[in-house]
Amino acid sequence: QSFQRLEYQAPNYTFSQVELDIALDPARTIVKSRLEVLPGPGHEAGASLVLQGHDLEFVSLRVNGEAHRQFELNPEALTIHALPHEGGKPFVVEIICVCVPEKNTSLMGLYVSNGNFFTQCEAEGFRKITYFLDRPDVMARYRVTLRAREAEYPVLLSNGNLLSSEKLPNGWHCAVWEDPFPKPSYLFALVAGKLECIEETITTSSGAKKLLQIWVEPHDLKKTRHAMNSLIASIHWDEKRYGLELDLERFMIVAVGDFNMGAMENKGLNIFNTKFVLAQPGTATDADFSNIESVVAHEYFHNWTGNRVTCRDWFQLSLKEGLTVFRDQEFSADQMGSESGRAVKRIEDVRLLRQLQFPEDAGPMAHPIRPDAYQEINNFYTVTVYEKGAEVVRMYQTLLGVDGFRKGMDLYFKRHDGQAVTCDDFLAAMADANGRDLTQFRNWYSQAGTPKVIVKESYDAAKQEYQITLTQSPSEHISNKEYKPFHIPLKMRLLTEADEQEEVLLELTQESQTWTFDHLASRPVLSINRNFSAPINLDFDQSESDLLAMFSGDDDAFNRWEAGQKLAMQMILQNRLPDAPLIDAYRQLLTDVDLDPAFKELALTLPAETYLYEQCASIDPQKIYAARRAFRHAIATELRIEWAALYQQMQIPGPFNPDASSAGKRALKNFALGMLLEADPLIWATMAVSQYQQADNMTDRYAALAGLVVHGSKSAAACLEDFYTRFADDPLVIDKWFGLQSSRPPVANADSTLSEVKRLRDHAAFKMNNPNRVRSVIHAFCLNNPASFHQPDGSGYAFWAESVLALDAIRPSDSTQIAARLARGLDRWKQFSEPYRTQMQAALKLVSDCETLSPDVKEVVSKA
Ligand code: ARG
Ligand code: ZN
């Protein structure tokens, strides 16, 4: 079944008030709902009410207090006929049904994890709790009564404010929650069980006091401080930057160890994967600390961009996700605490976009940020909707300025607070608030593919004139039959000896445009798409000497980094080693005491293999791996003196601090250690072992261990064993232990990584039904370890097929997001050279031939 964006129909009924009474029992949870029903905007007289329901046992139906027999039931819906609506008055529908949380392995709807109850309703999980109009444009007020046995489930949480709680007979108790804001069903949540919280009270901009809580299993309480700090910082940032205040008396975050994704923005009751809540220096790396900060911010920011203003339908997902990712990126950039820190954050975000989103946009799953059709909405929580969506939002800010963007946001909330709206509504608010015509900008929402911009430059010494011509075209992977030119904002600056040229913003709106600059005494170096102002591929044949000049001195940190990446990329793809001028430039950069260490680390990190793949017409993964590895080896050996010096200089005295500046120093120090292990493995293994043993934080301990593992050191095995024993009772750290071994590149004189991965899969601590564990073994190997995965004999692909089928089989006939994500692994098979291509095709066929595939996996493999 396929859903089409243009077939949207307004709901024929809507709910003003929803009352839920839920008696929690893992084996048999009884859900009573009372719905006040009104005709909706799409109402026609006499229409039946179709309520979605999935995996539910129907018990009874009443309408206006009377038993009602005119209904039909099928596995997906309850259809109610012969409804009373005299004079458009609301009527009341009461339904009783039963669900079985302990058998719910899909982790959608209501489920049990480690003895506690949790929910996940986005996008269509509420229908697994009760029969409902489970669509985001039906917004209602909720009052929820939760009942459970007190000894097993002392804590009962739901959205909004706690009205009352009381003891009941037979050891049961109950709590009543009310959410004052109308919301769609996907934002409903409940949590019940043995949990404890840390609390803070803060005062927000209006002077109101708010209660903040983070709920976890009791033994994890000590790991919640960083998440709480991140939440408080997010609340203050949204007030300051956008004038948006927390609107509830209390705001809760709950952590759960079995979760399909990162986290969920349920109104007032965010539910998180433990990975994005729990952190202490001894067990979490700098990357973990910063991910927690950004995910906490992301979910909090959804309270306005997503919850107060939500999506009319799921085609509009980027309306809330692209916008909220943009907001969390800006927040994290501000948290870096310096201009160079902001640039570092920008580089990291763009690197992710290119490694993950560009390939998606060039493959069989390519879709516009606002898709036109889907079979399974879960497959569209993609890097395109999220990350490219955020780039599109960023372009508004680039075109309108930070103040203009703020005006647009203000108008958006003024017009649409409390509504379910579309991407067009957002664009209209931005345009109207700034008196701008953004009609052409809409093409970013409707056309897939990364556009290409070709740059041609010329310099006329006699006239002292410099000219550039920019030509845009759709990505090669997308048909250009109906291509409409994009509105592309390109920041640029001419770099000259005299350094007198200002940065300007070019707006490329036609297929081809030319700009002329005069009074240029000598040929300038063109720095364009500065700060990555548009998500495009630049096709610009810049000379190596220009690139080198930019790498050494562009004042735009992003383009400085970019020039270095381009140089390295070209050389690697031509199977060259870094030449003397480039090594010199690297040396200059590394020894520049005024440069941010985090920037140095990024500048010396080579483009990822998967990004290199995107530059090839026919990918040979082993060849690319070898060329990149040789290039890296050259940087390691030629600069060994600098690496050794940095390894010493970047040591930080005193206690651990996760702030950006300390994290940057650690990143550079550990990068240097990796280089030293590459250059002189025997000598430096001793140093790595001692760093491993003496580290007082996970960043340093893990980096040392990773260095030993990746470089095939003899000491790796003993350290891995030590690591396992040390952290055996901390699942998130054990995930790292699994993940590190599964992402090991090929190592000489050792077993193949695949045979290691198979051993890990048989390990007693491996659990096929825990998403984090599966991601750390199977996804880490198949999706993030290209050099080990792509073997000429196809053994990696056979393992992939076997794993997709095994994961898909855990949840018969249900949503299997983990399997579907893995199934994306061979998306780009057509781009590979032989023998890889044929082997990949065979593995895909093996999966698609399976007759019992979930709709999720089916959509993915059939498109591939
Ligand atoms: N809205 C959540 C977030 O971005 C993610 C929900 C993902 N849902 C899904 N069905 N994949 O914060
Ligand atoms: Zn989100």
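In what kind of crossing, left-handed or right-handed, does α17 pass α18? The model is a predicted one, in which local features need pLDDT of at least 70, side-chain atom pairs count only at pLDDT 80 or more, and totals for chains, interfaces and linings use all residues. Residues are numbered from 1 along each chain as its sequence is written, while chains are lettered from A and ligands numbered from 1 in the order in which they are written.

The crossing of α17 past α18 is left-handed; the term applies if the near helix is turned anticlockwise from the far one by less than a right angle, and right-handed is used if the turn is clockwise. The contact involves Leu705, Leu708 and Val709 on α17, together with Ala716, Cys719, Leu720 and Phe723 on α18. Here, two residues are in contact if their C-beta atoms, placed from the backbone, lie within 7 Å. Sorted by class, this contact holds seven nonpolar residues, no polar and no charged ones. Ala, Val, Leu, Ile, Met, Phe, Trp, Tyr, Cys and Pro count as nonpolar, Asp, Glu, Lys and Arg as charged, and the others, Gly among them, as polar. Helix α17 covers residues 698-710 and α18 covers residues 716-726; their axes come within 9 Å and cross at roughly 140°. Helices (H or I, at least four residues) and strands (E, at least two) are DSSP runs, numbered from the N terminus. Axes are lines fitted to C-alpha atoms, for helices over the stretch in contact, and angles run from 0 to 180 degrees between N-to-C directions. The pair α17 and α18 is therefore oblique; angles under 35 degrees count as roughly parallel, over 145 as roughly antiparallel, 65 to 115 as roughly perpendicular and the rest as oblique.

A second pair is formed by α2 (residues 286-301) and α3 (residues 317-335), whose axes are 9 Å apart at an angle of about 135°. That angle makes α2 oblique to α3, and the crossing of α2 and α3 is right-handed. Among the residues making the contact are Glu293 and His298 of α2 and Arg327 and Phe331 of α3. By class, the contact of α2 with α3 has four nonpolar, six polar and three charged residues.

Helix α8 (residues 544-553) has buried residues at Leu547, Leu548, Met550 and Phe551. A residue is buried if 20 or more other C-beta atoms lie within 10 Å of its own, exposed if 12 or fewer, and partly exposed in between, with C-beta atoms placed from the backbone. Seen down the axis of α8, the buried residues fall within an arc of 160°, so they line one face of the helix; the arc is that of the directions from the helix axis to the C-beta atoms. These buried residues pack against β30 (525-528), α9 (557-573) and α10 (580-591).

Ala123 counts as buried because it has 22 C-beta neighbours inside 10 Å. Beyond its neighbours within four places in sequence, Ala123 is in contact with Tyr186, Trp314, Ile377 and Asn378. Another cis peptide bond joins Glu834 and Pro835, with omega about 5°.

Leu107, though not a glycine, has a positive phi of about 60°, and Leu107 counts as buried, with 25 C-beta neighbours inside 10 Å. Asn531 has a positive phi near 55° and is partly exposed, with 18 other C-beta atoms within 10 Å.
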